[in-house]
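Please look over the sequence and the model before reading on.

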Amino acid sequence: MSIQDRAQSQISQLDKELSKYPALNNLEKQTSVPKVYVVLGVGALYFFLIFFNIAGEFLVNTAGFIIPGYYSLSALFSASKVDDSQWLTYWVVYAFLTVFESAVNAVYWFPFYYTFKFVLVLWMALPQTSGAQIIFNSFIQPVFSRYFSESGSTAANLRAQVDSAGKPHAS
């Protein structure tokens with residue numbers, strides 16, 4: 001199978017997926033431009049703007065909130081709790097990334113920082129890759145698990161102190 005055949009196969013598969021969205025079907029009818037080309041063009045423009053840091057921070061943060069925000073809302077409205085855990089993990093990892101980025105001031109140290117961050121955020125956010133889970137299990141959990149274990153944890157101790165502070169003491 002040639003590269004052109006594989007590319008055409010991927011485009012056909014993407015077109016099939018995009019057909020699920022009525023807004024894209026209407027756009028295709030109104031403009032006579034195939035919806036797959038519109039989506040690929042917008043995606044390429046988005047990546048181009050990030051690559052050349054034209055509103056890079058805004059575009060990366062938008063991608064970091066819009067896609068996960070959609071999936072998080074979907075998870076909250078679903079009966080399954082598995083996806084809730086996945087998106088909670090994403091938001092914890094994203095928060096750590098944001099704090100780390102702010103503390104290190106990484107933008108000034110790394111060329112094409114927003115391009116790398118964009119790829120990282122997509123990798124973390126897409127359910128197919130489970131990137132946030134990998135980062136959480138590799139970095140965050142080993143460092144913070146001792147503070148959140150069930151017995152004798154800092155969180156459990158704080159909860160107990162708050163509960164006991166709210167009760168009247170017998171004299």
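A salt bridge is a side-chain nitrogen of Lys or Arg within 4 Å of a carboxyl oxygen of Asp or Glu. K81 and D84 form such a pair, with their closest N and O atoms 3.7 Å apart. K81 is exposed, at a relative accessible area of 60%. The model discussed here is a predicted one.

**Salt bridges**

Side chains of opposite charge can pair when their charged atoms come close. The structure holds five salt bridges, and three of them are listed here.

| Salt bridge | Closest N and O atoms |
|---|---|
| D15 and K35 | 3.4 Å |
| E28 and K35 | 2.7 Å |
| K81 and D84 | 3.7 Å |

K35 is buried, with a relative accessible area of 5%. D15 is partly exposed at 25%, and E28 is partly exposed at 24%.

**Aromatic pairs**

Across the whole structure there are 17 aromatic pairs. In one of them, the ring centres of F51 and F112 are 4.8 Å apart and the planes meet at 20°; the pair is therefore stacked, as planes under 30 degrees apart count as stacked. F51 lies in helix α3 and F112 in the loop between α5 and α6, so this pair links parts that are 61 residues apart in sequence. F51 is partly exposed, with 32% relative accessibility, and F112 is partly exposed with 45%. F51 and F112 also belong to one aromatic cluster, together with Y46, F47, F48, F52 and F118.

W91 and Y94 form an edge-to-face pair, 6.1 Å centre to centre and with 80° between the planes. These two residues are three apart in helix α5, so about one helical turn separates them.

**Helix α4**

Helix α4 covers residues 56-76. At 1.5 Å a residue, its 21 residues should span 30 Å, and the end C-alpha atoms are 30 Å apart, which agrees. The buried residues of α4 are G56, L59, V60, A63, G64, P68, G69, S72 and A75. Among the elements that cover these buried residues are α3 (35-51), α5 (82-104) and α6 (113-125).

Note on methods. Residues are numbered from 1 along each chain as its sequence is written. This is a predicted model: local features need pLDDT of at least 70, side-chain atom pairs count only at pLDDT 80 or more; totals for chains, interfaces and linings use all residues. Side-chain values use heavy atoms; hydrogens and water are left out. Helices (H or I, at least four residues) and strands (E, at least two) are DSSP runs, numbered from the N terminus. The expected span of a helix is 1.5 Å times one less than its number of residues. Buried means under 20% relative accessible area, exposed over 50%, partly exposed in between (1.4 Å probe, protein chains only). Contact means heavy atoms within 4.5 Å. Rings of Phe, Tyr and Trp (its six-membered ring) pair if their centres lie within 6.5 Å; planes under 30 degrees apart count as stacked, over 60 as edge-to-face and the rest as tilted.
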